[in-house]
Amino acid sequence: MKKYVATEYPHLLLPAVLLARVISAKKLDDTFEQQELVIHNDETGSSYQGHITANWYKYAVQVVDRFGNADEAFPAIPGIRSRQQFQAGSLVAVALPNGELDPAIIGEVTL
């Protein structure tokens, strides 16, 4: 059974979420818009609708173990696009949806 699962469903043997250290971060020229925002002014109690235009970012990450040390069993993973902004050195959670090597950064984490 283990051999069958390893052959037919290798993504089940990989961790679904990895800890990784951002080793490079680049702001891209590509933008996206966050629509339908409601901005509140705490001083006046008023609010108004707005939107934000922001940039995409591209990251390279190095998988780390539970202590934050580089895990040499994994190569660096380049080319992760995200709307979230992180600095080089940040510790992030990286998901591998369906075991594919098309990772997504879930967010920043701490050990």
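This is a predicted model: local features need pLDDT of at least 70, side-chain atom pairs count only at pLDDT 80 or more; totals for chains, interfaces and linings use all residues.
View 1. Let's start with the overall layout: 5 strands make an open sheet, lined up as β3-β2-β1-β4-β5, and the pairing is antiparallel. Have a look at the edges, where you'll find β3 (77-82) and β5 (104-108). Each has a single partner strand, so one side of each is left without a neighbour in the sheet. On average, neighbouring strands of this sheet are turned by 35° against each other, ignoring direction.

**View 2. Where β1 meets β4.** Now zoom in on strand β1 (residues 17-40) and strand β4 (residues 91-95), which run antiparallel and are joined by 5 bridges.

**View 3. Glu36 and its positive phi.** Glu36 isn't a glycine, yet its phi is positive, at about 55°. Is Glu36 buried or exposed? Glu36 is exposed: its relative accessible area is 74%, and the cut-off for exposed is over 50%.

**View 4. The largest nonpolar core.** This core has 14 residues, and the ones touching the most other members are Val61, Val92, Val94 and Ile105. Two or more residues come from each of β1, β2 (47-64), β3 and β4. Which element gives the most to this core? That's β2, with 4 residues. Pick out Val92 and check who's around: leaving aside residues up to four places away in sequence, Val92 touches a list of residues including Leu18, Val22, Val61, Phe86 and Ile105.

Notes:
Residues are numbered from 1 along each chain as its sequence is written. Side-chain values use heavy atoms; hydrogens and water are left out. Two strands pair if DSSP finds at least two bridges between them. Axes are lines fitted to C-alpha atoms, for helices over the stretch in contact, and angles run from 0 to 180 degrees between N-to-C directions. Buried means under 20% relative accessible area, exposed over 50%, partly exposed in between (1.4 Å probe, protein chains only). A nonpolar core is a set of buried Ala, Val, Leu, Ile, Met, Phe, Trp, Tyr and Cys residues joined through side-chain atoms within 4.5 Å. Contact means heavy atoms within 4.5 Å.
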